[in-house]
Amino acid sequence: MALRILREMAPSRSRLWAPSDPGASTDACNVQHGAAGVLAVLVRAAQLHEQVGLADSVRTAADWIDERLDAVPRLLPGLYYDRSGTAWALWDAAAFLDDPALQVRAVDLAGRLPIADWGNPDIAHGLAGAGLAYLHLWHSAGLDSARPDGLRQRGRRGRGGTDAEPGCAHRLRRRLVAGRPGQDAGEPSLQHWCSGASGIGTFLIRLWHVTGTAAC
């Protein structure tokens, strides 16, 4: 599978890997249909195996995404379809590549996500996804003051006052619990992982695990 992924990578095209038909119109740098999801797989594979070409492919994919961080009309916060997952994958790739400058740019991307006025609470397209990404970046940087430059300050300067640290996650937790609407008769089911309560619950459990704050 890894060899096929390497063979099909096309850095000169508008999408690094050809998507399935439903994903052709989505963000080329997202996790669900874009380069970030494949980058995450390549990073994990390169961590576990010394296969020829894997480390180089991580660099190629990370650079490809890095060059397109602002190549969308609007940054959106979802983990799968939007840019929270992109920031997460880019951060992990930068850590693997030992590239502090790329880590800072990943944090900068996370800090610019528009969570303050974002109404969707789910994990795939909304606030719970952004919360998981913030927790991952903060936890990966270490739970003390030895964090990469900009992890705290850049997030506070981001649009919507976003912190790429637990403070942001706490505020998201309050919004998710207070603002989650009930399910009326005839509405779609809200229990799903992708667009429902299961994904939101996963974020709250992760918040408790990382910060020690009891989830509601």
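The model is predicted. The chain holds 9 helices and 0 strands, and of its 216 residues, 48% count as buried.

**Overall make-up**

- Read from the N terminus, the order of elements is α-α-α-α-α-α-α-α-α.
- Among contacts in the chain with a separation of 6 or more, 64% are between residues 24 or more positions apart.

**Nonpolar cores**

- In soluble globular proteins, nonpolar side chains tend to be buried together.
- The largest nonpolar core has 43 residues, and the members that touch the most other members are Trp17, Leu39, Leu42, Val58, Ile65 and Leu90.
- At least two residues of this core come from each of helix H1 (2-8), helix H2 (35-48), helix H3 (54-66), helix H4 (83-97), helix H5 (100-111) and helix H6 (127-141).
- The most is given by H2, which supplies 8 residues to this core.
- Another core, of 7 residues, lies apart from the largest one, and includes Leu79, Ile123, Ala128 and Ala133.
- Leaving aside residues up to four places away in sequence, Trp17 touches Ile5, Glu8, Met9, Ala35, Val38, Leu42 and Ala61.

**Packing of H3 and H4**

- Two packed helices are described by the angle between their axes and the distance between the axes.
- For H3 and H4 the angle is about 135 degrees, and their axes are 10 Å apart.
- H3 and H4 are therefore oblique to each other.
- The crossing in which H3 passes H4 is left-handed.
- On the H3 side, the contact is made by Ala55, Val58, Arg59, Ala62 and Ile65. On the H4 side, Thr86, Leu90, Ala93, Phe96 and Leu97 make the contact.
- By type, the residues of the contact of H3 with H4 are 8 nonpolar, 1 polar and 1 charged.
- Val58, Ile65 and Leu90, which take part in this contact, are among the residues that touch the most other members of the largest nonpolar core.

**Packing of H4 and H6**

- The axes of H4 and H6 come within 8 Å, crossing at roughly 20 degrees.
- Angles under 35 degrees count as roughly parallel, so H4 is roughly parallel to H6.
- H4 and H6 cross in a left-handed sense.
- H4 contributes Ser84, Ala87, Trp88, Trp91 and Asp92 to the contact. H6 contributes Gly129, Ala130, Leu132, Ala133, His136, Leu137, Ser140 and Ala141.
- The contact of H4 with H6 comprises 8 nonpolar, 4 polar and 1 charged residues.

**Loop residues**

- Most residues other than glycine have a negative phi, and most peptide bonds are trans.
- Asp98 is not a glycine, yet has a positive phi of about 55 degrees.
- Asp98 sits in the loop between H4 and H5.
- Asp98 counts as exposed because its relative accessibility is 65%, and the cut-off for exposed is over 50%.
- Ala124 is in the loop between H5 and H6.
- Ala124 counts as buried because its relative accessibility is 0%, and the cut-off for buried is under 20%.
- Ala124 and Gly85 are 39 residues apart along the chain, and their C-alpha atoms are separated by 9.2 Å.

Conventions:
Residues are numbered from 1 along each chain as its sequence is written. This is a predicted model: local features need pLDDT of at least 70, side-chain atom pairs count only at pLDDT 80 or more; totals for chains, interfaces and linings use all residues. Side-chain values use heavy atoms; hydrogens and water are left out. A nonpolar core is a set of buried Ala, Val, Leu, Ile, Met, Phe, Trp, Tyr and Cys residues joined through side-chain atoms within 4.5 Å. Buried means under 20% relative accessible area, exposed over 50%, partly exposed in between (1.4 Å probe, protein chains only). Helices (H or I, at least four residues) and strands (E, at least two) are DSSP runs, numbered from the N terminus. Contact means heavy atoms within 4.5 Å. Axes are lines fitted to C-alpha atoms, for helices over the stretch in contact, and angles run from 0 to 180 degrees between N-to-C directions. Angles under 35 degrees count as roughly parallel, over 145 as roughly antiparallel, 65 to 115 as roughly perpendicular and the rest as oblique. A crossing is left-handed if the near helix is turned anticlockwise from the far one by less than a right angle, and right-handed if clockwise. Ala, Val, Leu, Ile, Met, Phe, Trp, Tyr, Cys and Pro count as nonpolar, Asp, Glu, Lys and Arg as charged, and the others, Gly among them, as polar.
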